[in-house]
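Have the structure open while you read, and tell me where you'd like more detail.

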Amino acid sequence: MSVLATRDLIIDVPGREGGTPLNITIEPGQVWGVLGPNGAGKTTLLHTLAGLQAPRSGSVQLNESALGQLRRRHVAQRLGLVFQDRQDGFPATVLETALIGRHPYLSPWQMEGADDYARAETALERMDVAHLRDRLVSTLSGGERQRVAIATVLTQAPNVWLADEPTNHLDLHHQSAVMALMAEQAAQGQAVIMCLHDLNLAARWCDHVLLMYPSGEACWGPRDSMLVPSALESLYRQKLAVVEVDGAPVFVPIKG
Amino acid sequence: MLARLGLPLSLLLLAALAALLLALGVGSAQISPAQIWDLLQGEGDALARTMVMELRLPRALSAFAVGGLLAVAGALMQVLLRNPLADPYVLGLSGGASIGALAAMLGGLGGLAISSSAFGGALFSTFLVFGLAHGSGGWTPSRLLLTGVVVAAGWGAVITLMLALSPAERLPGMLYWLMGDLSYARTPWPPLLLLLATCVVLIPLGRSLNVLARGPQQAAALGVAVRPLEWCIYVAASLLTAAAVTTAGSIGFVGLVVPHMLRLLLGNDQRLILPACALAGGTLLVLADTLARTMIAPEQLPVGVITALLGVPTFLFLLYRSR
């Protein structure tokens with residue numbers, strides 16, 4: 001039973017003609033990595049999967065229903081998105097920011113209750129930002145903001161995680177912690193789809209991989225069949241050296 | 001949570017009542033709060049009762065309604081455009097209303113004709129700005145803002161032209177209207193009811209507005225139907241502003257300064273800010289209008305001058321003190 005699936009999906013990237021129709025089936029417990037060079041359409045794909053952007057053709061199915069037919073609130077109770085960049089509108093504290101993850105579950109007249117606060121605080125602790133709870137988000141460092149954004153989706157507690165470069169701005173320890181969180185979510189039965197630029201994180205933490213080319217072509221499948229040096233070299237147009245560390249391949253760009 | 005909303009709102013409500021009491025008591029004849037209580041009960045001196053019930057009370061309530069409408073409209077515009085500099089007039093609304101009102105005055109019409117002409121001008125300007133900003137694609141906040149600012153500048157030029165061409169005896173009335181004047185406000189109930197209805201409708205939308213303030217994409221990802229909500233805010237803010245301008249002419253600064261001051265003091269939860277704006281905006285304008293009619297009595301000052309003179313230093317002080 002797929003939690004998220006695409007049917008002949010072609011995403012709408014301006015100036016691109018067609019491409020490979022995506023027929024991907026994502027099941028609970030899977031961790032998908034989306035890899036590709038800049039401008040390949042990774043963010044567009046995630047936004048299309050979240051229903052924020054209309055596809056050029058084809059459709060997205062969330063729990064076997066067409067995403068376009070569902071109400072936004074219904075979608076938001078099942079699917080959460082970590083954005084790559086965030087707009088700062090009005091000043092808000094860290095706790096307030098995490099708390100809006102509960103928005104899809106509350107009725108218009110309902111105020112956030114103790115349970116909602118508890119969920120937000122747990123998420124902040126899990127992301128190691130609980131000590132910043134009363135700080136304004138605009139005063140935080142890039143990495144701290146990234147962790148607050150992830151804590152917001154953790155408060156939202158979706159079945160499907162769409163994460164656009166979730167390790168952006170993070171130091172090594174927190175990169176690893178975020179990937180462990182994604183793996184943990186998958187182990188609890190959630191599905192995770194994330195765009196990554198770090199091949200080594202993909203190799204270590206993802207079980208499925210989608211490669212996206214700037215031309216619109218794409219291929220996907222289990223990690224080991226996708227993370228082949230020759231395919232990655234043509235994807236990034238970059239020569240790579242591969243070594244094995246700790247049971248996983250490590251890709252290093254080489255000169256020339 | 002309820003306590004967090006309750007305390008500031010009760011304080012603001014008390015301030016509003018105190019301001020109204022002051023407005024009823026102060027003027028050419030001073031009336032003490034105890035006397036006002038008697039008068040409201042239908043007792044006391046007949047002359048004083050006529051003055052309070054038929055002159056001061058409608059005017060004070062109109063001032064309260066207009067101030068509340070402007071402040072709520074400003075808060076909504078700031079969320080809609082995600083721009084702290086937005087105010088109720090930013091989309092050229094007051095310019096449109098002014099042209100309607102001035103045209104009616106030039107034509108020698110009075111009272112109701114001026115009001116309906118102003119209301120028509122405000123709505124015309126709203127649709128003009130929205131249509132132009134919409135263009136062939138969709139509108140974005142920055143496009144709406146730019147279109148509004150440019151249209152407002154255009155109205156400004158037309159207003160100056162109309163003033164330059166007006167006969168001298170009509171000029172004072174026109175200038176007073178442009179700077180805001182409550183002396184013609186006789187029926188406070190329509191704007192007051194509109195203010196109340198708006199608050200009741202907006203409070204359940206408050207959390208969605210909080211999410212929308214973080215940007216449309218984030219809001220959509222959290223389950224907000226962004227376009228319908230934006231439409232609703234746009235129409236509501238325009239209607240509120242048009243009603244305010246129609247009642248009292250264009251009064252500046254209330255819509256910009258009040259939401260800001262409250263955000264600096266109370267944080268940014270729209271569920272608190274919107275009712276707080278209604279109360280604080282109303283209070284400010286009641287006080288400003290009381291000053292305007294007493295400072296150089298029996299002459300009256302345009303109330304817009306007072307709101308600016310009070311609002312600007314307070315606002316700058318709060319901004320300076322904020323983190």
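1. Let's start with Ser250(B). Setting aside neighbours within four places in sequence, Ser250(B) touches Tyr89(B), Ser94(B), Ala97(B), Ser98(B), Leu178(B), Gly180(B) and Val245(B) (contact means that two C-beta atoms, placed from the backbone, lie within 7 Å). Ser250(B) sits in the loop between α11 (226–248) and α12 (254–266) of chain B. Helices (H or I, at least four residues) and strands (E, at least two) are DSSP runs, numbered from the N terminus. Is Ser250(B) buried or exposed? Ser250(B) counts as buried because it has 25 C-beta neighbours inside 10 Å; the cut-offs are 20 or more other C-beta atoms within 10 Å for buried, 12 or fewer for exposed, and partly exposed in between, with C-beta atoms placed from the backbone. Its C-alpha atom is 7.6 Å from that of Gly304(B), 54 residues away along the chain.

2. A word on what you're looking at. This is a predicted model, where local features need pLDDT of at least 70 and side-chain atom pairs count only at pLDDT 80 or more, while totals for chains, interfaces and linings use all residues. Residues are numbered from 1 along each chain as its sequence is written, and chains are lettered from A and ligands numbered from 1 in the order in which they are written.

3. Staying in chain B, look at helix α4 (residues 93–106) and helix α6 (residues 141–165): they pack at about 20° with axes 9 Å apart. Axes here are lines fitted to C-alpha atoms, for helices over the stretch in contact, and angles run from 0 to 180 degrees between N-to-C directions. That angle makes α4(B) roughly parallel to α6(B) (under 35 degrees is roughly parallel, over 145 roughly antiparallel, 65 to 115 roughly perpendicular, and the rest oblique). The crossing is left-handed, meaning that the near helix is turned anticlockwise from the far one by less than a right angle; clockwise would be right-handed. On the α4(B) side the contact includes Ser98(B), which also touches Ser250(B). Among the α6(B) residues are Trp155(B), Ile159(B) and Met162(B). By class, this contact has eight nonpolar, four polar and no charged residues, counting Ala, Val, Leu, Ile, Met, Phe, Trp, Tyr, Cys and Pro as nonpolar, Asp, Glu, Lys and Arg as charged, and the others, Gly among them, as polar.

4. Another helix pair in chain B: how do α8 (residues 189–202) and α13 (residues 270–294) cross? Their axes come within 9 Å and cross at roughly 165°, so α8(B) is roughly antiparallel to α13(B). This crossing is left-handed too. Leu195(B), Cys199(B) and Leu202(B) of α8(B) meet Leu274(B), Pro275(B) and Ala278(B) of α13(B). That contact has six nonpolar, no polar and no charged residues.

5. Over to chain A, where six strands make an open sheet with mixed pairing, in the order β6-β7-β8-β3-β9-β10 (strands pair if DSSP finds at least two bridges between them). The edges are β6 (79–82) and β10 (218–222), each pairing on one side only, and the twist averages 15° from one strand to the next. Helix α5 (residues 142–156) of chain A lies across β6 and β7, at about 175° to β6(A).

6. Within that sheet, β8(A) deserves a look. β7 (residues 160–164) and β8 (residues 191–195) of chain A are parallel over five bridges, with Trp161(A) opposite Val192(A) and Asp164(A) partnered by Cys195(A). Strand β3 (residues 31–35) of chain A also runs parallel to β8(A), through four bridges, and Gly33(A) pairs with Met194(A). Five of the five residues of β8(A) are buried: Ala191(A), Ile193(A) and Cys195(A) on one face, Val192(A) and Met194(A) on the other.

7. Chain A also has a four-stranded open sheet, antiparallel, in the order β2-β1-β4-β5. β2 (25–26) and β5 (65–66) have a single partner each, so one side of each lacks a neighbour in the sheet. β4 (residues 57–62) of chain A meets β5(A) over two bridges, one partner pair being Leu62(A) and Ser65(A).

8. Finally, the contact between the chains takes 21 residues from chain A and 21 residues from chain B. Helix α2 (residues 72–76) of chain A gives the most to the chain A side, with four residues. That side has 15 nonpolar, three polar and three charged residues.
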